[in-house]
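Hello,

Please look through it when you have time.

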Amino acid sequence: MADQRQGDIFRRKVFYLPGYDPFHPRRYRELYRKEGTEQARLSGYDLSLRPKKAGGPYGWRVEARIEGRAVETDMEVLVWSDIVKGSMSETIPATYLQLFRTAWAYIGSGALFRLMRLRKGPMIAALYPIVFLLLQLGVALGLAWAGFALVAHLLHWGPGLPVAGAILWGVLYWFRKKDNKVFAWYLMHDYAYSAQYKGANPPELEARMRDFGRQIRAALSGDYDEVLVIGHSSGAHLGISILADLLRAGLPAPRPVLSFLSLGHVVPMVSFLPDATRLRADLAWLSTRDEIAWIDVTAPGDGCAFALCDPVSVSVAPPKGKRWPLVISAAFTQTLSPARWRALRRRWFRLHFQYLCAFDNLAGSPGDYDYFRVTAGPQTLDARFKTRHPSKSRIEATVNRYRNVA
């Protein structure tokens, strides 16, 4: 492989798999451009973006000189935002029906109480949209009752009914339009999408995952030194299943090094549901394979992720020969300067994306996670972290009630 050849350009293909995100993938290109430029300035290396040359629906090229070596990286976003948008198009009554169905999926199955044994942050994030939407409904009902009472007092109760209905709908519609400030409706759709089949993937998502697998397999026949798959948030559990299917089918030979980086995972929100048998089987399978290196990065400062929870061990009895993932911390309180940490510590959703951003205190901390060195540096993922020990604070206890596999 070219990472052993001195002087050659190191070539990498990166497939970035977003979480439950309805936005256009250009958002990730601009984030990479902005934050990569800042990290290069802070760390003293060269990094620039160019228009893409490789095939695929959306991506860009990164040209860098890091650690004394030239690197070319073709970045590709595996787009499923159209599926996300479709799942968010529910009416207001349908969203509230989703709320009750989703709450029952986690409470009725007992998954919620097992999840509470892991991390409090994701549970607060999960309960937040339920509580917030119920509060919004309470406000809307209160204003609707006030409107009804006023019209009934001035005129008659008959005209008061349509007035109350209009107020109720109007207030809830206003809350939904302003959700880009509080994300309650967005999170409700996110959790509802995972819970609608009790942990099994919806058919349209399974079909898209097969397409993603074909794209990754095609890259493994290309002229690259490394093919790196990155799954962020909900994209982590999709990446696990896609790669497990790919390995079961057999990889081409010869081939580039295949690597998997999971960031800010929320795997237990799916794997703890009763019908997530496919995901649990894929977790167990992938954790034993020597054809792939799997590094899992989370941070206790990220309240939306299951920080330092081994996604395999907490979900299913660890199989014999388990070797992955290597669970490490991005250690936001150390890798971000005190001033930067103070500015971000209460911005929960921004922190959930910090794994994709610049760290301004890497030189003064023991952390070795740099997203831009990983994606645009001259070492494979395995080589970069081969001397790294797993986090001592990781959680490996198997607390999932459901451990059956497909």
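Does Ser-109 count as buried or exposed? This is a predicted model, and in it Ser-109 has 7% relative accessibility, so the residue counts as buried, the limit being under 20%. Ser-109 sits in the loop between helix H3 (92-108) and helix H4 (111-115). Leaving aside residues up to four places away in sequence, Ser-109 touches Trp-104, Leu-273, Pro-274, Arg-401 and Tyr-402. A polar atom of the Ser-109 side chain lies 3.4 Å from the backbone oxygen of Tyr-106.

Now the cavities. The count of those of 30 Å³ or more comes to 4. The largest cavity has a volume of about 100 Å³. Its lining has 14 residues, and the closest to its centre are Tyr-193, Ser-194, Asn-201, Leu-205 and His-237. Helix H7 (184-195) and helix H9 (234-249) are the elements that give two or more residues to this lining. By class, the lining of the largest cavity has 8 nonpolar, 5 polar and 1 charged.

As for where Ser-109 stands relative to Asn-201, the C-alpha atoms of the two are 17 Å apart in space, and the residues are 92 apart in sequence.

The second largest cavity has a volume of about 60 Å³. Its lining consists of Tyr-16, Tyr-28, Leu-31, Tyr-32, Trp-60, Met-75, Leu-356 and Tyr-371. Helix H1 (residues 26-43) supplies the largest share of that lining, 3 residues. The lining of the second largest cavity has 8 nonpolar residues, no polar and no charged ones.

Regards

Methods: Residues are numbered from 1 along each chain as its sequence is written. This is a predicted model: local features need pLDDT of at least 70, side-chain atom pairs count only at pLDDT 80 or more; totals for chains, interfaces and linings use all residues. Side-chain values use heavy atoms; hydrogens and water are left out. On a 1 Å grid over the protein atoms alone, a cavity is a set of points where a 1.4 Å probe fits but cannot get out, and a pocket is an open set with protein on both sides within 12 Å along at least five of seven lines; lining residues have an atom within 4 Å of a point. Grid points are joined across faces, edges and corners, and a volume is the space filled by probe spheres set on the points. Helices (H or I, at least four residues) and strands (E, at least two) are DSSP runs, numbered from the N terminus. Ala, Val, Leu, Ile, Met, Phe, Trp, Tyr, Cys and Pro count as nonpolar, Asp, Glu, Lys and Arg as charged, and the others, Gly among them, as polar. Buried means under 20% relative accessible area, exposed over 50%, partly exposed in between (1.4 Å probe, protein chains only). Contact means heavy atoms within 4.5 Å. A polar contact is a pair of N or O atoms within 3.5 Å; within protein, one must be able to donate a hydrogen and the other to accept it, and residues adjacent in sequence count only if both atoms are side-chain atoms.
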